[in-house]
Amino acid sequence: MAGAVVVPRNFRLLEELEEGQKGSGDGTISWGLENDDDMTMTNWTGMIIGPPRCVCEGRIYSLKIECGVKYPDEPPSVRFQTRINMTGVHPSNGQVDRRAVSVLARWQRSFSIKSVLTELRRLMTAKENAKLAQPPEGSTYS
């Protein structure tokens, strides 16, 4: 695409921060900087409320999101802090496998932290995850 304007990383992350602070959607996902004084806007936190009609219903899941120096050209690194039994999430450390989550595997510059959290929440209701036994509520990875 000749002549397309590429928004610099920091401007893009500022837009995402603003959207997260305003709160968008129905409140089932949220995100923001881990530290307000993180001038590189690298380390983020996310929150997902488990969707209805699955074993995750109503549970609050905390996540750590790292937007590296090549973000948004490359996807962020995502790790659950709250224990979850879900396809594509490493059982010992909560790391999300990029290959197992379509939004990360087929990453496009137009995707965002919101896209990732929305997709993870959707995957909680997927057939292979909806009935999986879950760790005790509130337990975390060390």
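The text below covers the aromatic pairs, the nonpolar core, a surface patch and some backbone features.

The model is predicted; local features need pLDDT of at least 70, side-chain atom pairs count only at pLDDT 80 or more, and totals for chains, interfaces and linings use all residues. Residues are numbered from 1 along each chain as its sequence is written, and side-chain values use heavy atoms, with hydrogens and water left out.

**Aromatic pairs**

A pair of aromatic rings is described by the distance of the centres and the angle of the planes. Rings of Phe, Tyr and Trp (its six-membered ring) pair if their centres lie within 6.5 Å; planes under 30 degrees apart count as stacked, over 60 as edge-to-face and the rest as tilted. By this rule there are 3 aromatic pairs. Helices (H or I, at least four residues) and strands (E, at least two) are DSSP runs, numbered from the N terminus. Both Tyr61 and Phe80 are buried, where buried means under 20% relative accessible area, exposed over 50% and partly exposed in between (1.4 Å probe, protein chains only).

Trp107 and Phe111 also form a pair: the ring centres are 5.7 Å apart and the planes are at 85 degrees, so the arrangement is edge-to-face. Ring pairs link Tyr71, Trp107 and Phe111 into a cluster. Tyr71 is also joined to Pro72 by a cis peptide bond, with omega about 5 degrees. Pro72 is placed in the loop between S3 and S4.

**Nonpolar core**

A nonpolar core is a set of buried Ala, Val, Leu, Ile, Met, Phe, Trp, Tyr and Cys residues joined through side-chain atoms within 4.5 Å. The largest one has 33 residues, and Trp44, Phe80, Ile84 and Leu120 have the most contacts inside it. At least two residues of this core come from each of H1, strand S1 (29-33), strand S2 (43-49), S3, S4, helix H2 (102-105) and helix H3 (113-124). H3 supplies the largest share, 6 residues. Leaving aside residues up to four places away in sequence, Ile84 touches Cys56, Tyr61, Val89, Met124, Gln134, Pro135 and Tyr141; contact means heavy atoms within 4.5 Å.

**Surface and backbone**

Val7, Phe11 and Leu14 make a nonpolar surface patch of about 270 Å². Patches are made of residues with over 30% relative accessible area and no salt bridge, with like charges joined within 9 Å and nonpolar side chains (Val, Leu, Ile, Met, Phe, Trp, Tyr) within 5 Å. Val7 is in the segment before helix H1 (9-22), while Phe11 is in helix H1. Phe11 and Asn85 are 74 residues apart in sequence and 35 Å apart in space, C-alpha to C-alpha.

Two residues other than glycine have a positive phi: Met41, near 50 degrees, and Arg53, near 65 degrees. Met41 lies in the loop between S1 and S2, and Arg53 in the loop between S2 and S3. The table gives accessibility for some of the residues named above.

| Residue | Relative accessible area | Class |
|---|---|---|
| Met41 | 6% | buried |
| Trp107 | 12% | buried |
| Phe111 | 21% | partly exposed |
| Val7 | 30% | partly exposed |
| Phe11 | 53% | exposed |
| Arg53 | 73% | exposed |

Terms used:
Areas by Shrake-Rupley, 256 points an atom, 1.4 Å probe, with all protein chains shown as cover. Salt bridge = Lys/Arg side-chain N within 4 Å of Asp/Glu carboxyl O.
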